[in-house]
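This report describes one protein chain, taking its local features in turn. The sequence and the structure are shown first.

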Amino acid sequence: MTVDVDPRWWDDASVGGQPMREVLAARDVRSVFGFLRQRGFSRSRIAALTGLSETRVRQIWQGRQQVTTYEVLERIAVGLKIPRGLLGLAYLDPTTVDDRDGAPPAGHPPLGLGWRASLRDTVEAVSDLWRADVERRSVLHQSVWLAAAAAVPARDWLLDRLDDHLAAPGARTITHDDVQVIWTMCQAFTDADHRLGGGHARLALSQYVSAAVLPMLRGGYDEAVGRELMAGAARLCDLGGFMAFDSGLHGLGQRYYIQALRLAQAAHHRGLGAHILADMSMQAQHLGDAAEAAALATAGCHTAVTTGSKATVARCEAMLARALALASDRPGCEQAMGRADTALERIRPDDEPAWTGFFTRDQLDTEFAYAAADLGRLDLVRRTAPAVIAASGQMERRKVLLSATLARACLPEAHGAHSPGCDVEQACAVLTDVAPLMVTVTTERGRQAIGTVQQQLRPYATLPAVRHLTELFGSME
């Protein structure tokens, strides 16, 4: 007999002598799961109700992982029939508040979601955003991604309303050498993100920006240094956005991206702006909004062709292809992939900016595989993904995400039990190979992707390969 949730529990029950309402107000999900286990709920049942993987349910129940993201709390509230207000989700609109008391600053858009007209106001908005992140303000970390929030910034970017004068007075004079240090740190944080995921260095990035970069933004500089400084700050905001997105903090990531785009505009840096738009498109695609992903990628493509960077063109076209694949537009996807491939063939590495260095043939083939998966062309995924995974070297997050895509392409239920390539054992082997990386790679996207495959393997739970995989992931918790 399947155990069902009784909504009355959340009003009347207690946990260890503590009223359930207090447990929920503290967002003590571990105690909630323990309460359900005492009432006969298995880990698999809790996982099915909440949409989490069994591994993650076990980690939460054992106190090895905490639930802090708005998105996951929403899924738990819906799946377990918990009134949203008891988890603090109904009494606060995280898209319209900035301060700890819940009040938006008078005359300003919500923190990070709008563009300020003047550069100085923009610097203050960026500073407020980074400080709020360092202070781990719950409203900011619980904020949700909004498709509409990117529309005005993308429009203003395309209108190309440039800041004419960036020179500024200040007690401390900022030099070209100061800005070069920023770019050195950008590369270090980029390498850490590519290898180990967004959660690995996110806090260190926030602390570095707050301690070292924000004072520079308030310093004095001439026009040339000012543009270099704004470009460096834009790249750091872009990295902050990507790390937050990869960590499951989607609303926070979107705010960083919007401010990154504004700073790139101030810097007159079209290439960096196109790169940021591609990152924004990737987030929209990940969240399932094909129309917004395509709009952002298209804005990136229009920008990229004016920059001379073929790698930027290739990446923006690849993001457009993925958005069109998500929308089931196979002809449009294939045309965009063709343009990306042509641009990639024309890359001259010495002419490309540092942040495009990762976009090689292997990365383009990775994007091809993701698009193919969304189009249901799983044979293409199985042909292309293994070689890219083998060649990924220290790009460990790529290995995790692409391995999950390849494993899904091997599952029989994905495309019919008698199709060539249907092999549960092969899917298990792919995940077994990548399992050790999950100890060090801190990517919420990767955990979700692996968890999805594990759920799809449940019908084969009695097979030795599936049992071994379950034990392997369980032993790594």
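Is lysine 81 buried, partly exposed or exposed? With a relative accessibility of 39%, lysine 81 falls in the partly exposed class, because that class runs between the 20% and 50% limits.

## Model and confidence

The model is predicted. Its protein chain has an average pLDDT of 86, and 90% of the residues reach at least 70.

Lysine 81 sits in the loop between α6 and α7. Its phi is near 60°, which is a positive value in a residue other than glycine. The side chain of lysine 81 takes part in a salt bridge with aspartate 4, with 3.6 Å between the closest N and O atoms. This pair links distant parts of the chain, 77 residues apart: lysine 81 belongs to the loop between α6 (70-79) and α7 (119-134), while aspartate 4 belongs to the segment before α1 (9-12). Aspartate 4 is partly exposed, at 47% relative accessibility, and lysine 81 is partly exposed at 39%.

Histidine 268 is another residue other than glycine with a positive phi, near 60°. Its place is the loop between α13 and α14. A relative accessibility of 31% makes histidine 268 partly exposed.

## Salt bridges

The count of salt bridges in the model is 25. One of them joins the side chains of arginine 330 and glutamate 334, at 2.9 Å from N to O. Both residues lie in helix α17 (residues 330-345), where they are four residues apart, about one turn of the helix. Arginine 330 is partly exposed, with a relative accessible area of 40%; glutamate 334 is partly exposed, at 40% relative accessibility.

Aspartate 351 and arginine 348 form a further salt bridge, their closest N and O atoms lying 2.9 Å apart. Aspartate 351, at 46%, is partly exposed.

## Aspartate 133

Aspartate 133 is a residue of helix α7. Why does aspartate 133 count as buried? Its relative accessibility is 3%, and the buried class covers values under 20%. Neighbours within four places in sequence aside, aspartate 133 is in contact with Leu140, His141, Arg202, Ser206, Leu252 and Tyr256.

## Cavities

How many cavities of 30 Å³ or more does a search of the whole structure find? The search finds two. The largest cavity has a volume of about 40 Å³. Its lining consists of Ala274, His275, Ala278, Ala311, Thr312, Arg315, Cys316, Thr356 and Phe358. Helices α14 (270-286) and α16 (310-326) are the elements that give two or more residues to this lining. The most comes from α16, with four residues. By type, the lining of the largest cavity divides into five nonpolar residues, three polar and one charged.

The second largest cavity holds about 30 Å³ of space. Trp145, Ala150, Gln254, Tyr257, Met280, Gln283 and Leu296 line the second largest cavity. Both α13 (250-266) and α14 supply at least two residues of that lining. The lining of the second largest cavity has five nonpolar residues, two polar and no charged.

Conventions:
Residues are numbered from 1 along each chain as its sequence is written. This is a predicted model: local features need pLDDT of at least 70, side-chain atom pairs count only at pLDDT 80 or more; totals for chains, interfaces and linings use all residues. Side-chain values use heavy atoms; hydrogens and water are left out. pLDDT is the predictor's confidence in each residue, from 0 to 100. A salt bridge is a side-chain nitrogen of Lys or Arg within 4 Å of a carboxyl oxygen of Asp or Glu. Buried means under 20% relative accessible area, exposed over 50%, partly exposed in between (1.4 Å probe, protein chains only). Contact means heavy atoms within 4.5 Å. On a 1 Å grid over the protein atoms alone, a cavity is a set of points where a 1.4 Å probe fits but cannot get out, and a pocket is an open set with protein on both sides within 12 Å along at least five of seven lines; lining residues have an atom within 4 Å of a point. Grid points are joined across faces, edges and corners, and a volume is the space filled by probe spheres set on the points. Ala, Val, Leu, Ile, Met, Phe, Trp, Tyr, Cys and Pro count as nonpolar, Asp, Glu, Lys and Arg as charged, and the others, Gly among them, as polar.
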